Every structure is written in structure tokens, then in C-alpha cells.
Amino acid sequence: DWTPDAFVETTVSSLKAQLGDDHVIMALSGGVDSTVAAVLLHQAIGKKLHCIFVDHGLLRKDEYEQVLDSYKNMGLNIKGINAKDLFYGRLAGVSEPEEKRKIIGNSFIDVFDEAAKEIQKELPEGIEAKWLGQGTIYPDIIESVSVKGPSATIKSHHNVGGLPDFMKLKVVEPLKTLFKDEVRRVGKALEVDQAILGRHPFPGPGLAIRILGDITPERVRIVQEADAIFINNLKEAGWYDKVWQAGTIFLPVRSVGVMGDERTYEHVVSLRAVGSLDGMTADWIHLPYDLLAKISNEIINHVKGINRVVYDISSKPPATIEWE
Ligand code: XMP
């Protein structure tokens, strides 16, 4: 019988046996999977786990600071890296979704590689970090196989299998046999912060694939502010935990509106909230009209640059959860 406590015990002792005195480097995302994987590794090898948390400038509003703080509070050996300018610079003028993913994946690798070299330099003479920790879970493996047919890549989820060989690190993936709900139960047994455990899944490329068209700092601001209003309202109304994933999508079209006695010609955001078990299929959530009305009013009144809010009523398939 599978229990979270038994899983923690056997995993920590097998990680100890597998890693011995070796050092491990790991990039954390702020999500459930990488966090829980890091806590298991931390229990096994302590400060020999070196964590990195990269701000690509495409996280939710204030998320970088909040997540970095909770990692520090958890006692993890963590280094935050602000790489916003690098990502924004490389993404400027790019609107094709797979191109965005490629740029972000490659930039992550560059930033990670640089940080890994720094960590390596600080290790005592003769000691080398040989391992890369990853928060891969079972459905990641399945999904990356199923969406990457030989002829057509639907979406390249860059967080699986993208290890460049120049890094020459062996991979350690303590969660690769688990499903999401099991990861959450393990996280609870490990007393991981509920704000991290209950967090909705968030794609590696972040807001880059929720801003259709070009990514600019101004569009990032718009989508962050609108999304914060959406998510806070879901939390206040008790809907956040009933929804598998929710987010706000910036649409690069303009529509006409009136504000007071002024004509406006501004952008549109779409709200998306879905129920799902594993992200492979999803149903749009029937949020109450009153709640949608409140969110829409707040966004239009408070987020400069938006004069229209729509709600996505498409299920997966055929519509994917993300718009890109
Ligand atoms: P889709 O949009 O394919 O999303 O229905 C299914 C789940 O995967 C997430 N997703 C990604 N995660 N890198 C990621 O790490 C990506 O490029 C990516 N694209 C989609 C999405 O947020 C949803 O949870």
C-alpha cells in the first residue's frame, strides 16, 4: 500500500545511497513538483543540494519574491537569479509560440549553465557537482511522448529531456513514478508550504505563452495585473482550490469601448479556468456569473490598457489549456 510517509522514507534513503557525498544542482520553478523534489533531496543530502531559482520576467505578479522567500524559509540552499533582461531581449519581436518556447528553453539552459559554473567554483578543490535534480513526474514523461509524434510536434514541453550534453550531469528525478495528487500528498507529509502545494500548474515558459503575439514589458504588466485580480477573486470566493488551473491570456487585438465620455481603443484579455485530472483533457469551469462580472469590472477599472474581458468556454480537446 502506497503512503506518502513510506514514500518519503524509502526515497530519502535510496537518494542517500545513490548520491553518497555527491553534490546536486537543481533549478526550481516555484511549482509543486520541483519544490517537493528539492525537499526530498534536501532531506537526503542537505546543503549539498544547490538550488537555483530564475526570474525570467514571465512569472505571475510578485511571485518571484514570494517564492524565493518561502524557499529560504524552508532552509533550502537557494540562489535567486534575475535574468529578466536577457529573456525580454531575446524574446523581443518573437510571436511564434514554438519559437518562444525554444528561446526560453535555450535561455534557461544558458542561465543555468552560468549559475552551475559559479556553484562549481565555490565548491572545495576536487569536489564536483555531478548531478542535476529534476522534478519530473510520471505524466510529464507520458505527455512528452504522446505530443511529440515523429511528424508533428504539437507543443514542445521544454522541461523534459532538454539536457545539453555539455553539462555532463547525471539526472536524479525522485518523483518520476508519481502522479500530481501523490506529489501533493508527499509535499504535505514533508510540511511544504500550502501556498506552494496548492498552486495551480504553471507552464515553464510562463506568461510568454499567455501573451499572444510579441512580448513586451508593458504586456507582461497588463497580464500580471489582470491575472492577479482574477486569481485573488478565485481565492476569495473559494473557487481557487476547485479549479485545476486558471490564468489570464493577453490578446493582441484592440476593440472599441467607452470610459466616461471618452472613446477607448484597447486590448482584450481572456480568462481561462479549467478542471482536469492530469492536463491531458480539461473542461472549462462554470464560474458563477456574479463572480465573472466582479472580476471583469475590476480588471477593466484597474488595469490600464484593457477595455474588454472575455471568458474562454472551450474544453480540451480540441482547445488546449494554454492558447499557445
Ligand atoms: P496544454 O496547453 O498543452 O497544456 O493543454 C497542458 C498542461 O501543460 C502546461 N504546458 C506547459 N508546461 N512547458 C511547460 O512546462 C510548456 O511549454 C507548456 N505548455 C503547456 C499547461 O500549462 C497545462 O498545465
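An open sheet of five strands runs in the order S3-S2-S1-S4-S5, with parallel pairing. Strands count as paired if DSSP finds at least two bridges between them. The edges are strand S3 (78–82) and strand S5 (170–172), and each of them pairs on one side only. On average, neighbouring strands of this sheet are turned by 30° against each other, direction ignored. That angle is taken between axes, which are lines fitted to C-alpha atoms, on a scale from 0 to 180 degrees between N-to-C directions.

This is a predicted model: local features need pLDDT of at least 70, side-chain atom pairs count only at pLDDT 80 or more, and totals for chains, interfaces and linings use all residues. Residues are numbered from 1 along each chain as its sequence is written, and side-chain values use heavy atoms, with hydrogens and water left out.

**Overall build**

- The protein has 10 helices and nine strands. These are DSSP runs numbered from the N terminus: helices are H or I with at least four residues, strands are E with at least two.
- The radius of gyration is 20 Å, which agrees with the value near 20 Å for a compact globule of 324 residues. It is taken over C-alpha atoms, and the globule rule is 2.2 Å times the number of residues to the power 0.38.
- Along the principal axes, the C-alpha atoms fill a box of roughly 70 × 45 × 45 Å.
- Of the 324 residues, 52% count as buried. Buried means under 20% relative accessible area, exposed means over 50%, and partly exposed is in between (1.4 Å probe, protein chains only).
- The protein exposes about 15,800 Å², and carbon and sulfur atoms supply 52% of that area. Accessible areas come from the Shrake-Rupley method with a 1.4 Å probe.
- Among contacts with a separation of 6 or more, 75% come from residues 24 or more positions apart. Contact means heavy atoms within 4.5 Å.

**The S4–S5 side of the sheet**

- Strand S4 (residues 129–133) runs parallel to S5, and three bridges join the two.
- Trp 131 has Lys 170 in S5 as its bridge partner.
- Gln 134 sits in the loop between S4 and helix H6 (138–147). Its relative accessibility is 24%, so Gln 134 counts as partly exposed.
- Gln 134 and Val 172 are 38 residues apart in sequence, but 6.2 Å apart in space, C-alpha to C-alpha.

**Helix H3**

- Buried residues in helix H3 (residues 63–73) are Glu 63, Tyr 64, Val 67, Leu 68, Ser 70 and Tyr 71. They fall within an arc of 165° seen down the axis of H3, so they line one face of the helix. The arc is that of the directions from the helix axis to the C-beta atoms.
- These buried residues pack against strand S1 (23–28), helix H2 (32–45), strand S2 (49–55), S3 and helix H8 (194–197).
- Gly 75 follows H3 and has a positive phi, near 85°.

**Backbone exceptions**

- Most residues other than glycine have a negative phi, and most peptide bonds are trans.
- Asp 62 has a positive phi, near 60°. Asp 62 lies in the loop between S2 and H3 and is partly exposed at 44% relative accessible area.
- Glu 191 also has a positive phi, near 60°. Glu 191 is in the loop between helix H7 (180–189) and H8, and is exposed at 71%.
- A cis peptide bond joins Lys 316 and Pro 317, with omega about -10°. Pro 317 lies in the segment after strand S9 (306–311).
- The peptide bond from Pro 317 to Pro 318 is cis, with omega near 5°.
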